[in-house]
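I opened my notebook for a friendly look through this model. Here is what I looked up, entry by entry.

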Amino acid sequence: MVETADVLIAQIKEQADKIRALKIQKADNSIIDAEVLVQNELKQQLATLRTSQLHAGDSAEKKKEKEEKGSFVLKTPKVHNGRGGFDHQRVLDYYNDKEMAIREKVFSTITSVFKRHGAVTIDTPVFELKEILSGKYGEDSKLIYDLKDQGGEECSLRYDLTVSMLVPFARFLAMNGKEYQNFKRYHIAKVYRRDQPAMTKGRMRDGLVDDFDIAGTYDPMVPDAEILRILCETLSALDVGKYTVKINHRKILDGIFEICGVPVDKIRPISSAVDKLDKLPWEDVRKEMTEEKGLSTGSADAIGEYVKLKSGRELLDRLVADHKLVANPSAKKGLDDMALLFRYLEVLGVMDKMSFDLSLARGLDYYTGIIYEAVTEKSAPPTSLTLGHIPTISFSLLQPTPSELAEGKRPTTKKDTDELDESTVGVGSIAAGGRYDELVGMFSGKNKKGEANLRIPCVGVSIGVERVFSILLAKYRTEEIKSNEVEAFVMAVGDGLLEERMAVATELWDNGVKAEYMFKVKPKPQNQFDACDKHQIPFAIILGPDELARGEARIKDMRAKDKSQGAGEIVKRADVVKEIKKRIAAGAVAPPMPTPSTVPAVVGEGVPFPELKNDLILRAAR
């Protein structure tokens with residue numbers, strides 16, 4: 001039953017009084033937060049009710065008037081306004097040419113790394129049956145978009161490229177099992193999450209993800225080590241800055257939970273709680289375990305002694321020396337895997353990027369072996385959030401401490417409002433993945449013995465393009481980004497020479513040179529030079545009536561602002577294409593993106609913290 005507006009307003013006021021009283025009593029923050037959530041939910045219900053009443057109140061005359069004028073409203077999806085309601089904001093929902101240049105560079109860089117390791121690409125549907133996707137994501141299942149088609153079939157938009165991809169992938173392997181038992185594939189596509197966006201941090205409702213998976217039966221930890229090598233290669237090539245790959249093993253976690261007295265039916269819920277340690281302080285996670293999940297305080301405290309540990313090989317040695325832990329079969333298998341993995345990572349040259357972190361749990365239910373996620377200095381909220389002070393951020397590449405990554409720091413709200421302050425929200429992990437050996441078998445059906453018809457172990461990683469993009473956009477001065485790839489601009493002085501310009505451009509195109517000319521019969525010389533500068537076109541081919549009469553033309557390097565080349569170098573008209581190609585082959589053409597602007601390693605008071613441009617902040621949440 002829908003509540004009336006008056007009832008909801010009264011409930012909101014009552015809830016506000018309750019929160020005020022709790023603050024006066026200096027109640028625990030977690031209690032206050034719970035009441036604020038209730039208040040926000042009531043506000044959301046009120047906003048929804050008022051919106052529906054507003055739409056219902058539109059008169060037929062107004063609708064008819066709009067139809068007659070042929071006008072329509074460009075509405076964006078409702079965006080959570082941080083105050084418990086939703087707004088139809090007038091925001092931009094596109095990327096401009098400069099931003100797309102960065103994005104295309106990101107795509108090509110990632111793809112080149114994937115292909116370097118022998119991967120091929122496939123494509124899969126954007127939605128699947130709801131019954132297939134539900135239950136595979138643990139507590140994250142609430143972030144899946146549900147749909148219902150016209151026939152009443154319940155579907156869901158893909159949440160990631162692992163489960164959502166493996167349904168058709170399993171069908172593909174079943175049909176071509178002999179040829180594709182061992183398979184490296186990558187997939188670049190959009191995923192959809194019903195989440196509260198933080199636009200300036202690349203946390204959107206829909207966004208691109210690059211996925212790389214190795215399917216098949218191999219010797220232990222060999223493909224796992226290469227996946228981590230691929231991840232490090234990719235992040236280094238993207239130049240995201242210093243990063244760390246946090247790594248753990250689900251069997252080690254399961255063993256820890258078992259020796260700490262966690263019942264079997266509570267292992268996955270407790271694992272999901274532990275996974276929140278990068279967002280919540282231990283006290284809150286412990287409270288969730290004991291009060292919400294029903295775990296004993298003794299078991300929770302015992303778990304805390306383990307999950308607070310993080311290091312490198314030293315932590316592995318410490319755990320191996322833990323006789324109680326090693327006596328657990330699950331933990332022993334996980335520790336053996338990690339020892340072998342560390343050996344391979346040393347050979348592959350990426351061990352220095354790893355941090356063995358027992359708090360990493362990965363909430364997804366399908367992981368069966370190693371798990372990992374990559375974080376940068378932008379992943380977590382700033383460590384200091386005092387008003388009027390730019391926070392100081394330090395970052396340790398090898399073994400980041402909780403304070404350095406600001407783990408357990410809660411996002412804050414803007415002064416005197418409930419609106420989320422995005423400056424206190426981190427980008428989050430920029431890549432994540434792990435081993436999932438049983439997932440394909442879940443979709444292949446079972447034989448008479450109750451075993452999966454098809455069992456293909458897999459290990460993979462997903463790279464969050466939107467989060468990487470938000471980091472890279474802050475590094476570059478967008479006005480310096482060359483968004484097109486044009487190498488030569490054909491211009492004329494003294495006369496329009498349109499047909500002559502067309503002829504030269506045609507010769508350039510026929511020879512693989514990217515070229516342009518102005519679409520005017522008689523363009524002004526200054527306008528043509530301005531077009532060169534605006535689009536950062538490196539070379540101008542200048543045609544003039546006198547030069548053409550002598551069988552000549554001029555080539556000018558538009559990036560050289562000195563007067564030494566004068567009006568340009570004179571070349572034979574017949575040699576224009578050859579001369580331009582020679583300059584291009586010599587590496588004279590500028591790269592699509594400039595060198596990143598210098599960003600201090602430590603940002604302190606008085607140093608501007610690099611943020612995204614305003615047009616990104618205005619972009620519609622996806």
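**Ground rules.** I am working with a predicted model, where local features need pLDDT of at least 70, side-chain atom pairs count only at pLDDT 80 or more, and totals for chains, interfaces and linings use all residues. Residues are numbered from 1 along each chain as its sequence is written, and side-chain values use heavy atoms, with hydrogens and water left out.

Next I looked up its partners (two strands pair if DSSP finds at least two bridges between them). Strand β9, residues 243-249, runs parallel to β11 and is joined to it by three bridges, with Val245 opposite Met354. Strand β10, residues 310-311, pairs with β11 in the antiparallel sense over two bridges, and there Ser311 has Phe356 as its bridge partner.

**Cores.** I then asked for nonpolar cores (sets of buried Ala, Val, Leu, Ile, Met, Phe, Trp, Tyr and Cys residues joined through side-chain atoms within 4.5 Å). The largest has 92 residues, and Met289 and Ile303 have the most contacts inside it. Helix α7, residues 222-238, gives this core its largest share, eight residues. Leaving out residues up to four places away in sequence, I see Ile303 touching, among others, Phe257, Trp282 and Met289 (contact means heavy atoms within 4.5 Å). Another core of 19 residues lies apart from it, including Leu497 and Val577.

**Salt bridges.** I got 33 of them (a side-chain nitrogen of Lys or Arg within 4 Å of a carboxyl oxygen of Asp or Glu). Arg229 and Glu233 meet at 2.8 Å, N to O; they are about one helical turn apart because four residues separate them in helix α7. Arg229 is partly exposed at 28% relative accessibility, while Glu233 is buried at 14%.

Glu569 and Arg583 meet at 2.4 Å, N to O. This pair links distant parts of the chain, 14 residues apart: Glu569 sits in strand β19 and Arg583 in helix α20. I noted Glu569 as partly exposed at 41% and Arg583 as buried at 17%. Salt bridges with shared partners join Glu569, Glu579, Lys582 and Arg583 into one network.

Definitions and conventions: Buried means under 20% relative accessible area, exposed over 50%, partly exposed in between (1.4 Å probe, protein chains only).
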